[in-house]
Amino acid sequence: MKSWLLFPVLAVVLAVCGARSPYQTVLQHSRIRGRQQGPNVCAMQQIKGTNRKYFTNCKQWYHRKICGKPTVITYECCPGYEKLPGEKGCPAALPLVNIYSTLGAVGASTTQMYSDRARLREEVEGPGSFTFFAPSNEAWAALPAEILDALVSNVNIELLNALHYHMVNRRLTSEELKHGSSFPSMYQDSHVHIHHYSNGHATNGIVHVIDRVITAVSSDMQSIVDVDDDLETLRAAFAAAGLSTLLESPGQYTIFAPTNDAFAKIPRETLNRILGDPVALKDLLNYHILKQLQCSESIVSGTSVETLQGSALEVGCDGDQMTLNGNAIVTKKDHLGTNGVIHYISQLLIPDSAKTLLELAEDSSVSTATRLFVDAGLSSHLTGSEALTMLAPLNDAFKGSPTMTPDLRALMKNHLLKQQLSSKALYHGQQLQTLGGLTLRVFVYRNVRTGSENLCIENACIAAHDRTGRFATMFTLDKVLAPPTGTLMDVLKADERFSQLVGAIQTVGMTELLNQQGALTFFAPTNEAFRALPPAELNRLLGECGGSDPGLWRFSEPGSGWPANQLSVSAGNADQLAAVLRLHLGEGLLVSGGISSHTRLAPLQGAKLELGMVSAAAAARLADGRPVAALTESLLQRNFTVYVNKVPVADADLMATNGVIHAVNAIIRPLAPKADQEQADGPAAATPVRNQSTPGGSGTVRDGSPANGAVRVLVLVLTMFVSSDDLFERVLMSRSSRTMNRRQ
């Protein structure tokens, strides 16, 4: 059976909501936009330099672009109305006349003329109920000369049949012309497939103006592919994958058909691998097929459309060009078949499901990791059929341009897991085995601000959606993995920055705690942190050991009777020192990727620890010692500084088998109760200022000091801003504050 497809002169946006049909919804929107011009006036968007006009929804109205091209606003009478001299807007309803007269009223004068010549006028002026898809004058002018000559040379048969192709023997309003619907025409019941159109009503039917003349379509898509030499490779691929029957079956499909040249651009090794793998080949071909009809004229902006393979393609437009995933690779569009439409493309689209690990990584933001995997001699794992998961750090996770060393080679091998995983299947406490023989731990944290989950593997967190290939999966990480090298105590001993801390731990008898199994987070003070202690506090904490100068702290020598590297702290101060250290130890293992604003951690001793993070730029602005409070999510970038009780973390995520160490260059102190409450509950309300009036008219504010109006306002303002670190920080980061600083 022959089939026909129509294209609109006025494209109507379908992506709208509501109970009305899409046509009614956008028409109502146009009425709202045009109502200031008078009754029954519709606002339209017209692409500059063309005659193309569109009803649009709110989104497109504010973008002022269609297919990436700027538009201008025009105002016209809404369908079914006309102007009256001296009246505002379009107050008069168009009188209903027969279809022949309506052809002239809607500007389809060429169709009206050919209706006369084909002796169709009597039929469309007489009784009946018809729908006429009338080609515009421009559509007739664009028809190839040889086709037009063939029609007009035999008006009683060819031209009459052609006009009957454009007619349906019933009334069809625009709201009935749903996307993908079809109706039998008045010529041999050949089906017409529909998109939405503007319309003009008549007494005996409806006229829809279209921008092309409908031409005969008698071949299905398989027949089109069979006879086109430019699709020879595609034809062979369809046959090998057993998809030829799909191209012959009834339905409404869209095929983005790669030409022979598109296949030739793919490396021969890659192409042979896919052609020789039935699963990968079927995924590849299905990735080029949409489940619905998608003609170029129906596209006014980028739209995500599901393919038969299951993934989505973004089908869009750039001016007159049709685009796929943002690329203008469509070389020939709208080749119609009885069961769909074919668009020719100049590039082969390869879905992730048909790629190897190496191919997944090559076209992403992990090129540095990809190079290191290859340099480490791991290419066979990335190109083979092993079930693996690649942990690929982002490019900016690496410092400089690393070169291969034996240690780096071993590290890269530990970025490959022995099984294919999905991030959705990860759970807290899960253990993962690497090709290098290590066991990695999974940590799952809840982001209190967004309500989502942060998935981390050791110190690195997943930074993007999974990429699932033919046999393996790629996780994109925000950091290079740093697998644990020992217990918390082992890590501290191996780092010279913590030599004084190690001595303090040994002195107070906490060595066993940091060596035993468990999960602790240690905000470990560096030597610099101890040196920064005020002399008085140092004396109170360490007693007579070395005086008030941190540089004189005495560590025992071998043979002195004290364990090596142990501070000579008096017994009376050991408890105080232990309490300070226990405040730095949190229960549970918390890596920096699991920290968001208002994160809390219970220490082994003392009040809870308050954690947050700010961007590097914000941290620089606060370097003068002003308090740091919770900031907006927009500041939470990868280049951030973690704060614990307002102390910045100097070096985060030193992983241990029984916890994690975050180095701090200052001793952490408990938060004041008031500040702690404000961080927990947000800005504190200003304390009411009471004016206790006296007979003389003066008053007091809380402490009985004089309080006239000006002083009361000042005290209230200071109370609101000084009492709340959080509110102070919000003001600091506000637009008005930044503007004021620029003016100063």
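Predicted model: local features only at pLDDT ≥ 70, side-chain atom pairs only at ≥ 80, totals over all residues.
Biologist: OK, β28. Is it buried or exposed?
Modeller: Strand β28 (residues 473–477) is mostly covered, with 5 of its 5 residues buried. Buried means under 20% relative accessible area, exposed over 50%, and partly exposed in between (1.4 Å probe, protein chains only). Strands are DSSP runs of E, at least two residues, and helices are runs of H or I, at least four, numbered from the N terminus.

Biologist: Which residues sit on which face of β28?
Modeller: T473, F475 and L477 are on one side, and M474 and T476 on the other.

Biologist: Which way does β21 pair with β28?
Modeller: Strand β21 (residues 389–393) pairs with β28 in the parallel sense, over 5 bridges. Two strands pair if DSSP finds at least two bridges between them. T389 has T473 as its bridge partner.

Biologist: And β27?
Modeller: Strand β27 (residues 467–468) runs antiparallel to β28, joined by 2 bridges. T468 is bridged to T473. β27 and β28 form a hairpin, with 4 residues between them.

Biologist: Different topic. What is the strand order in the open sheet of 4 strands?
Modeller: The order is β3-β2-β5-β4, with antiparallel pairing. β3 (53–54) and β4 (65–66) are at the edges with a single partner strand each, so one side of each has no neighbour in the sheet.

Biologist: How many bridges join β2 to β5?
Modeller: Strand β2 (residues 41–47) and strand β5 (residues 69–77) are joined by 7 bridges. V41 of that pairing stands opposite C77 in β5.

Biologist: Which non-glycine residues have a positive phi?
Modeller: D334 is one of them, with phi near 60°, and E458 is another, near 55°. Most residues other than glycine have a negative phi.

Biologist: Where is D334?
Modeller: D334 is in strand β19 (residues 330–337), and counts as buried at 10% relative accessibility.

Biologist: And where does E458 lie?
Modeller: E458 is in the loop between β25 (453–457) and β26 (460–461). E458 is also buried, with a relative accessible area of 0%.

Key: Residues numbered from 1 in each chain as written. Heavy atoms only, no water.
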